[in-house]
Amino acid sequence: MQVEQLEILDFLRAHPPFDGLPEDALQRVAAAIDVRYYKAGEQIVEFGQASEFWHVVRSGAVEIFRRNGTLYNRLTAGGYFGEFGLLRHGRVRFPARALEDSLLYLIPQPMFLELFDGNEAFADHVEVEDRTRLRQVMSRREDANDLMSATVDTLVGRAAVTLGSGASAREAAQRMTQEGVSSLLIVDDNPDVPDLPLLSGILTDRDLRTRLLAPGLDHDTPVAEIMTPGVVTVAHNRLVFEAMLAMLRHNVHHLPVLKHQRPLGIVALSDIIRYESRNSLFVVGGIFRCQTVDELAARVPDVRACFIRMVGEETSAHMVGSAMAAIGRSFKQRLLELAEAELGPPPVPYCFLALGSMARQEQLIVTDQDNALVLDDRFDPARHDAYFEALATFVSDGLARCGYSYCTGGVMATNRQWRQPLKAWERCFSDWIERPTPGSLLNAAIFFDLDGVWGRSEWAERLRELIARKARGHSRFLACMARNALLRTPPLGFFKDFVVESDGRHSHAINIKRRGTAPLADLIRVHALAIGSQALNSFERLREIIDAAILPLGRGQDLYDALEFISAVRARHQAEDLAAGVDPDNSIDPEKLSEFERKSLRDAFLILGSAQKFLKYRYQPGRAN
Amino acid sequence: MLHLSHLKGTAPGRPRPGRGKAARPDWPRRFAALAATARDPRLRAFYAQGAAAGATALKDVPMAALDIETTGLNPARDEIVSIGVVPMALGRIRSSASRYWVVRPAAELKPESVAIHAITHGQIEAAPDLDAILGELLEVLAGRVVVVHCRDIERGFLDTALRTRLGEGIEFPVIDTMELEARLHRPPPGILARLFGRKTKPVSIRLAASRARYKLPRYRAHHALTDALATAELLQAQVAHRFSVETALAEVWG
């Protein structure tokens with residue numbers, strides 16, 4: 001006969017993962033539970049002893065340790081421990097000690113295994129590998145968002161219609177009418193591979209109107225003269241939102257989709273709008289219509305509303321970051337256009353660089369401006385610098401008015417040090433890489449995330465190539481970068497309303513950028529530099545890092561999940577502040593985290609912590625990489 | 001109608017639990033004698049399991065937490081309605097082996113009492129007489145030291161109920177968690193107290209209040225099984241804080 005211990009049953013019913021169990025299973029567990037009281041300071045289980053029970057904290061608080069004695073976790077009522085030993089070794093892996101006077105429920109191994117094997121949701125919840133749980137969380141999030149998981153080929157409705165570049169405009173119009181399409185891909189014969197024509201341009205309805213009819217050209221004009229050459233394309237397996245960002249970035253409405261270099265079809269902006277809530281597109285469009293800095297500053301509420309909506313729709317942090325970076329980039333571009341209109345054309349060509357999070361496309365709403373100017377090598381300070389100082393000031397002041405606060409570290413083009421000819425930049429990067437000291441690189445990390453947003457963006461590419469080429473061969477440089485990437489560490493987790501540090505100290509709040517996303521980006525950058533990657537975005541860097549197989553198996557994906565989750569919490573926090581009319585920041589109060597977020601954040605912190613250990617080990621000075 | 005938990009709570013004017021060593025029988029010898037003289041075979045079997053010697057370390061003593069809910073306070077007049085038992089040792093409370101019985105009193109159960117115990121008339125009417133479950137009860141308790149909160153109640157009611165039914169009573173050693181609390185919070189009045197009288201409000205030694213002092217969670221009272229579990233947890237807490245696993249049984253039992 002089973003006797004109901006009502007207090008035990010009621011407690012289980014109110015706590016995950018038991019709350020999800022069917023009633024009969026719940027009663028069986030409650031009836032199988034034994035109980036034990038531990039005084040504060042008493043050892044509950046020792047490392048290596050036989051695992052007999054799964055422990056659930058009924059009241060009080062328990063500390064879990066690693067074998068080496070460092071604190072691993074701290075649990076209160078509803079917390080549980082011991083699953084690792086029960087499932088894997090049959091021996092206690094993490095010793096536990098009562099931190100406060102505690103009452104523990106003891107679930108015998110057979111009962112635990114019955115639950116674990118018989119109940120998938122339960123097993124998911126207590127799965128021994130923290131990162132596995134985070135993976136499940138992230139895959140659920142991704143499922144919830146089409147744009148995140150859908151690849152661009154799913155939007156391709158029909159095969160691309162192509163036409164040789166020698167055809168006339170009339171033939172093009174006839175072909176488009178026949179096929180019922182609004183755009184054609186114009187191709188040239190490929191002298192090397194006859195059956196793989198080269199894509200030379202794209203021709204749209206609009207081109208026929210604006211470049212042929214309006215100027216009154218002859219209908220026999222070759223299409224090559226009225227098409228848009230130098231087509232921006234997207235690979236078939238990229239995500240829909242990446243295609244959208246490419247359109248935003250290059251200001252095009254049609255994007256040929258290529259599979260193994262062959263045109264698969266064309267994705268039009270209208271196809272994507274059906275997928276996207278068009279928030280960010282709308283905002284970007286608005287920015288380019290602004291005629292003054294005042295008008296730009298008036299766009300800030302739109303930007304914030306767009307951010308809040310994207311976060312609310314559970315858009316992935318990767319995508320939110322990219323969309324916000326696209327908006328930030330548009331602000332810069334428009335400000336530079338306005339600056340040139342006011343100051344006149346530049347005396348020598350230049351490239352305006354975005355640095356840091358904007359270059360990485362990982363911007364949220366609270367962000368400062370990090371930028372620099374690369375100037376033509378003919379730059380003569382005496383004659384030209386006044387112009388560029390004025391230009392930089394115009395942009396920097398404008399950005400500040402649009403919500404991008406001045407960089408406290410002074411990394412802005414207004415600072416003469418960061419307004420240099422290309423040659424000087426090349427020397428600067430070479431110096432950093434070839435003659436590194438931890439001190440010289442301490443504040444330099446931000447420059448290794450650089451993107452050209454205006455002007456000669458090929459110079460930005462040249463600098464990135466230089467970095468990618470040199471960095472991988474300089475182990476001392478990598479060691480210095482790794483050392484700096486370890487300066488900021490994650491906290492251990494949460495306990496009651498506190499943040500718990502690894503040494504057991506408590507703090508009241510956590511700066512989730514400083515303790516989470518920033519050290520992750522730092523760490524990912526070091527690996528990216530080590531493999532010569534030219535990717536900017538941390539998620540894209542991680543993909544290349546995973547392909548390069550320099551991390552232990554599975555760890556790259558773990559980092560991906562951890563970055564996504566921490567970024568998502570950070571974004572949600574800022575969106576909530578904005579919605580509540582509070583100035584958003586990066587400081588998170590544990591009280592405001594759900595139990596689920598606490599658990600998942602802790603998982604993510606653990607992943608970051610162990611990834612930092614690996615980084616330290618891998619890039620030790622003197623170790624051949 | 002009064003209820004036991006009320007008595008356990010306030011215990012106004014109740015005799016102070018005796019604590020002189022002289023008052024404690026030599027339980028192993030007493031059990032051996034009773035095993036020979038008891039007439040009921042169930043009682044004989046119970047005594048035959050013996051009692052742990054007073055010198056035994058607490059960690060080696062098998063115990064069983066017991067709680068009885070009744071229709072009132074007076075063993076001579078009131079009756080048992082439910083019994084909860086939770087076998088235990090210092091290392092582990094075997095709540096998974098808990099036992100619980102509802103038994104039918106001879107007199108009709110009044111509505112107030114029904115409300116307090118959460119036992120319905122239907123349950124009572126379907127319930128057996130104590131005699132029918134006595135064998136099971138004694139089997140669970142046999143060989144174990146009984147742990148109660150307020151020993152006079154459990155001992156008094158069981159003894160009376162057995163005398164009524166079998167014509168012979170029952171004796172057994174108990175560890176009384178209320179008495180262990182009284183030792184700490186109800187010391188015999190010292191000279192000053194005798195001179196000036198007790199001015200401060202006495203610390204409550206009822207079950208819930210005692211548990212709270214050891215940071216044990218608050219439970220709903222008035223269920224024999226919950227109270228038995230609550231008593232078991234309290235004893236573990238008391239031993240952890242004030243005694244040791246090596247403490248001799250004789251230090252705590254009565």
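Buried means under 20% relative accessible area, exposed means over 50%, and partly exposed is in between (1.4 Å probe, protein chains only).

**Ground rules**

I'm working with a predicted model, where local features need pLDDT of at least 70 and side-chain atom pairs count only at pLDDT 80 or more, while totals for chains, interfaces and linings use all residues. Residues are numbered from 1 along each chain as its sequence is written, chains are lettered from A and ligands numbered from 1 in the order in which they are written, and side-chain values use heavy atoms, with hydrogens and water left out.

**Entry 1: a covered strand in chain B**

I looked up strand S1 of chain B, residues 63-70. Strands are DSSP runs of E with at least two residues, helices are runs of H or I with at least four, and both are numbered from the N terminus. With 8 of its 8 residues buried, S1(B) is largely enclosed by the rest of the structure.

Next I checked the partners of S1(B). Two strands pair if DSSP finds at least two bridges between them. S1(B) runs antiparallel to strand S2 (residues 80-89) of chain B, with 8 bridges joining them. There, Asp67(B) stands opposite Gly84(B). S1(B) also has 3 bridges to strand S5 (residues 145-148) of chain B, and that pairing is parallel. In that one, Ala65(B) faces Val147(B).

**Entry 2: chain B as a whole**

I counted up chain B: 11 helices and 6 strands. Of its 254 residues, 50% are buried. Contact means heavy atoms within 4.5 Å. Taking contacts in chain B between residues at least 6 apart in sequence, I found that 72% join residues at least 24 apart. The accessible surface (Shrake-Rupley method, 1.4 Å probe; for residues, only the protein chains shown count as cover) is about 11400 Å² for chain B, and carbon and sulfur atoms hold 56% of that.

**Entry 3**

I found an open sheet of 3 strands in chain A, in the order S20-S21-S22, with antiparallel pairing. Its edge strands are S20 (493-495) and S22 (506-507), each pairing on one side only. S21 (residues 498-500) is joined to S22(A) by 2 bridges. Val499(A) has Ser507(A) as its bridge partner in S22(A).

**Entry 4: where A meets B**

How many residues does each chain bring to the contact? Chain A gives 24 and chain B gives 27. The buried area is about 2100 Å², 51% of it from carbon and sulfur atoms. Buried area here is the accessible area (1.4 Å probe) that two parts lose on being put together, summed over both. On the chain A side, Gln5(A), Glu7(A) and Tyr37(A) lose the most area to chain B, together 30% of what that side buries.

Then I went after salt bridges, where a side-chain nitrogen of Lys or Arg is within 4 Å of a carboxyl oxygen of Asp or Glu. The rule finds 4 across this interface. One that I noted joins Arg220(B) and Asp10(A), with the closest N and O atoms 2.6 Å apart.

**Entry 5: salt bridges inside chain A**

Over all chains the count comes to 46 salt bridges. Arg13(A) and Glu23(A) meet in one at 2.6 Å, N to O. Arg13(A) is in helix H1 and Glu23(A) in helix H2 of chain A, so this pair ties together parts 10 residues apart in sequence. Arg13(A) counts as partly exposed at 36% relative accessibility, and so does Glu23(A) at 37%.

I also looked at Glu114(A) and Arg28(A), a salt bridge at 2.4 Å, N to O. This pair links distant parts of the chain, helix H4 (residues 109-118) and helix H2 of chain A, 86 residues apart. Both ends are partly exposed: Glu114(A) has a relative accessible area of 39%, and Arg28(A) has 35%.
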